[in-house]
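Subject: Structure for your review

Dear colleague,

Please find below the structure that I am handing over to you. My findings follow it, arranged by region.

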Amino acid sequence: MTVIRCLTLALGGLLAWPAAADIYAYRDARGVVHITNVPNDPRFARVMATPRYVPPKPRPMPLPVAVPVAASAAASPLLRGRGAFEANRLRYGDAIAGTARVHGLDPALLHAVIHAESAFDPLAVSPAGAMGLMQLMPATAARFGVVNAFDPRANLDGGARYLRVLLDQFGQLPLALAAYNAGENTVIRSGYAIPAIAETQTYVSRVLDFYARYRRQGP
């Protein structure tokens, strides 16, 4: 599925948001798709009306009871076999919903980010050292007081708090997602636009696509 196609699909699940900005894209001679919210080239064409994220009204609810974590991937039967993804998605559904309510986020958005980041594996570690369900880097975990990034409850809370900060800072979901992937300073240095980084552009389109799907089907 091309990036443009992903973005077009993502639009279908975002109708509840008021419009704020647009996303533009074009495919160059090498077949590379470029995405931005600040079109500075006549080749850019609008592919999606990007809405401003309006979170659900926060409810002062406690986090769910912590979910026990296996000591290693080998010790957890849910992390092995064909049904690992769906088993973990269901296993952490209540924790995701509770964390989303606490931080004024849409549970479907957290599901989308976790899907893209770790495929719901609480013991996932990226080559760069990001950890857990929401793939917190050590510095990000420390910033939000996450002592054990492999504890699903702590990881969800830290990742959701970070996403809430980014949404409040940038005011647009695509920019907040780009910052979650590439860092706040990278988005700022890019002129408050999605950075011209293939990994980040693909990440933003994937999360928007997942978000649209989870909004349609429900977490």
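Why is α4 largely enclosed by the rest of the structure? Ten of the twelve residues of this helix are buried, so α4 has most of its length covered in that sense. Please note that the model is a predicted one.

**Overall organisation**

The protein contains nine helices and three strands. Along the sequence, these elements follow the order α-β-β-β-α-α-α-α-α-α-α-α. There are 219 residues in the protein, and 50% of them count as buried. Among contacts with a separation of 6 or more, 57% are between residues 24 or more positions apart.

**Helix α4**

Helix α4 covers residues 107-118. From the first C-alpha to the last it reaches 16 Å, which is close to the 16 Å expected for twelve residues at 1.5 Å a residue. The buried residues of α4 are Ala-108, Leu-109, Leu-110, His-111, Ala-112, Val-113, Ile-114, His-115, Ala-116 and Ser-118.

The C-alpha atoms of Arg-206 and Ala-112 are separated by 8.4 Å, although the two residues are 94 residues apart along the chain. Arg-206 has a relative accessible area of 34% and is therefore partly exposed, as the value lies between the 20% and 50% limits.

Both ends of α4 have a feature to record. At the start of the helix, a side-chain oxygen of Asp-106 comes to within 3.0 Å of the backbone nitrogen of Ala-108. At the other end, α4 is followed by Ala-119, which has a positive phi near 55°.

**The loop between α4 and α5**

Ala-119 is found in the loop between α4 and α5 (138-143), and Gln-135 lies in that loop as well. Most residues other than glycine have a negative phi. Ala-119, however, is a residue other than glycine with a positive value, near 55°. Gln-135 is not a glycine either, and its phi is positive at about 50°.

Ala-119 is partly exposed, with a relative accessible area of 34%.

**The nonpolar core**

The largest nonpolar core has 48 residues. Those with the most contacts inside this core are Leu-110, Val-113, Met-134, Leu-163, Leu-177 and Tyr-180. At least two residues of the core are supplied by each of β1 (19-27), β2 (33-36), α3, α4, α6, α7 and α9.

Leu-163 illustrates how parts of the chain meet in this region. With its neighbours within four places in sequence left aside, Leu-163 is in contact with Leu-105, Leu-109, Leu-110, Val-113, Leu-177 and Tyr-180.

Just after α7, Gly-183 takes a positive phi of about 100°.

Glu-184 belongs to helix α8 (residues 184-189). With a relative accessible area of 16%, Glu-184 is buried. Which side chain does the side chain of Glu-184 meet in a polar contact? The partner is Arg-143, at 3.1 Å. Apart from neighbours within four places in sequence, Glu-184 is in contact with Arg-143, Tyr-162, Leu-166, Gln-169, Phe-170 and Ala-179.

**The largest pocket**

The volume of the largest pocket is about 400 Å³. It is lined by 18 residues, of which Glu-117, Ala-130, Tyr-180, Asn-181 and Glu-199 are the closest to its centre. Helices α4, α7 and α9 each supply at least two residues of the lining.

Yours sincerely

Technical notes
Residues numbered from 1 in each chain as written. Predicted model: local features only at pLDDT ≥ 70, side-chain atom pairs only at ≥ 80, totals over all residues. Heavy atoms only, no water. Helix = DSSP H or I, 4+ residues; strand = E, 2+ residues; numbered from the N terminus. Expected span 1.5 Å × (residues − 1). Buried < 20%, exposed > 50% of the residue type's maximum accessible area, 1.4 Å probe, protein only. Polar contact = N/O pair within 3.5 Å; in protein donor to acceptor, adjacent residues only side chain to side chain. Core = buried A, V, L, I, M, F, W, Y, C linked by side-chain atoms within 4.5 Å. Contact = heavy atoms within 4.5 Å. 1 Å grid on protein atoms, 1.4 Å probe; cavity = no way out; pocket = protein on both sides within 12 Å on 5 of 7 lines; lining within 4 Å. Points joined across faces, edges and corners; volume = space filled by probe spheres on them.
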